[in-house]
Amino acid sequence: MTKKSDHIPTPKSHQHSENKEASLRLVAWETTRNCNLSCTHCRASATKGPYTGELDTKASFRLLDQIAELGKPIIILTGGEPLLRPDIFKIAGYGTDKGLKMVMAPNGTLITENFARQMADSGIKRISVSLDGSTKESHDKFRGVEGAFEWALNGIKLASDAGIEFQINTTITKTNLDQIPKIQELAIKLGAVAHHIFLLVPTGRGKYIMDQEITAEEYEHTLNWFYDQRGNTPLQLKATCAPHYYRILRQRAKKEGKTVTFKTHGLDAVTRGCLGGTGFCFISHRGIVQPCGFLQLNCGDIKDTSFADIWKNSKTFLSLRNFSNLKGKCGKCEYKRVCGGCRARAYEATGDFLAEEPLCNYQPA
C-alpha cells in the first residue's frame, strides 16, 4: 500500500492553517527488519533476513546528522530486532555524541551481559521490551517462539543490572485483554519504570488476526481502566495507538472537577493522541519516512532528500498538521486537537488517512 513519495511543495494558499514548523519530538527508526521472532501482530511481518536495502553505517550516521539539525528528539532504535544489526552500538554511540537521546526497542531475547554493557556504554537511556502475556504460555504464543518469555525476562534483568532503565510495552488484543492487570503487576515486580499499552493496528501480520481486535466498547472500557491506574501505580503510564485516551482523560478530569495541566496530569497534558506527522515520524529500514510504522505512506526517501526537508515539506505531514482536514465525525469532534483518531486505522479501513477513526463509539457534541 506504499505510495510514491509525496514530497512536492504545497501551494502557499494551503499553508496558512498548517504548522510547517511542527516540533519533532520522537523518531522511530527501523534499523533492520531482520528478526529472530515471528510475532502474530508484527506491522512489518518481520522474520529472519537478511533484508536488502538497509542503510549502511555511513548512511546511518548521515541520517542522525540530519535529524540533529531539527533539534534533539528521542531516537527509538527499533526493528525487527535491532540487536541483530552488527553496528547498532556504533549507531547508538554516534547519536549520543550528537546530543540525541537514544533509546532502543529490543524484544529482550538476545540481550546478553556483553550486549547490556555495550548498551550502557553507547548511551542507551532506556529500552522497551514487549510482554504480551503474563505467563510464558500466553506470551510465547503471541511471539511465535517457545522460550521467548523466559529469554525476555532474563534480558530485562541483565539490562537492569547494567544500569539501563526499561519499560514494558503491551499490544492489547482479545486474547490478552483479561491479562493486562497481571502484566502491569509483573512490570512493577520486574522494576520497570513505565508501562505503555498499544491498541492493535491491523497492518502487516496484524491483518491476519483482525478477529482478535477488541471492539470499540472494549477499547473505551480498557482506556477508562487505564485512567483509573493513575496514582495507584509507581509506573509511568502511556497509551499508544490509542488516541481516544486523551479524550477520556479530559472527560474524566472534568467530572472530577479538575483542570488538565502538566502539574496534575504530567506529560499526558502536553501531548496528544495521534502524533504521526505532527511530533513523531517513522523511518523504515530502507530510509523511507512515514507518519508512523503502521501508516505506510511514503513521505520521502532520505537517500534522495534531506530528512529536515521531508519533515518540513512533506505534503502528507502538512495535511496531518492541519486538523481541519479530518473527515467524518473526527472532523466534527471537539476533541480532535487532543485525540485526532488513529490515522493508520482509518487508512486501513477506508484507504483515506484523513477519514474518521473506525474504532471509536464517541459521538461529538
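Mentor: A residue counts as buried when its relative accessible area is under 20%, as exposed when over 50%, and as partly exposed in between, taken with a 1.4 Å probe and protein chains only. The structure above is a predicted model, in which local features need pLDDT of at least 70 and side-chain atom pairs count only at pLDDT 80 or more, while totals for chains, interfaces and linings use all residues. Residues are numbered from 1 along each chain as its sequence is written, and side-chain values use heavy atoms, with hydrogens and water left out.

Trainee: Why is Glu 220 called buried?

Mentor: Its relative accessible area is 16%; since the limit is under 20%, Glu 220 therefore qualifies. Arg 247 is buried as well, at 2%. Across the protein chain, 58% of the 365 residues fall in the buried class.

Trainee: What makes the contact between Glu 220 and Arg 247 a salt bridge?

Mentor: Their side chains meet at 2.8 Å, N to O. The term asks for a side-chain nitrogen of Lys or Arg within 4 Å of a carboxyl oxygen of Asp or Glu, so the pair meets it. Glu 220 belongs to helix H7 (residues 216-228) and Arg 247 to helix H8 (residues 244-255), so the bridge ties together parts 27 residues apart in sequence. Helices here are DSSP runs of H or I with at least four residues, strands are runs of E with at least two, and both are numbered from the N terminus. The structure holds 12 salt bridges.

Trainee: How do you know whether Asp 65 is buried, partly exposed or exposed?

Mentor: The relative accessible area of Asp 65 is 25%, and that of Lys 98 is 30%. Both values lie between the two limits, so both residues are partly exposed. Asp 65 and Lys 98 also form a salt bridge, at 3.2 Å from N to O. This pair links distant parts of the chain, Asp 65 being in helix H1 (residues 57-68) and Lys 98 in the loop between H2 and S3, 33 residues apart.

Trainee: What separates Lys 157 from Asp 161 along helix H5?

Mentor: About one helical turn separates them, because they are four residues apart in that helix. They too form a salt bridge, with the closest N and O atoms 2.9 Å apart, and both residues are exposed.

Trainee: Why are strands S2 and S3 said to pair?

Mentor: Strand S2 (residues 74-78) and strand S3 (residues 101-104) share four bridges in the parallel sense; DSSP must find at least two, so they pair. Ile 74 stands opposite Lys 101 in S3. S3 and S4 run parallel as well, joined by two bridges, and Met 104 has Ile 127 in S4 as its bridge partner.

Trainee: What makes the unit of S2, helix H2 and S3 right-handed?

Mentor: With the strands pointing away from the viewer, the path from the first strand over the helix to the second runs clockwise in a right-handed crossover. S2, helix H2 (residues 88-97) and S3 form such a β-α-β unit. The β-α-β crossover from S3 through helix H3 (residues 113-121) to S4 is likewise right-handed.

Trainee: Which residues of helix H4 are buried?

Mentor: In H4 (residues 136-143) they are Ser 138, His 139, Asp 140, Phe 142 and Arg 143. Just after H4, Gly 144 takes a positive phi of about 80 degrees.
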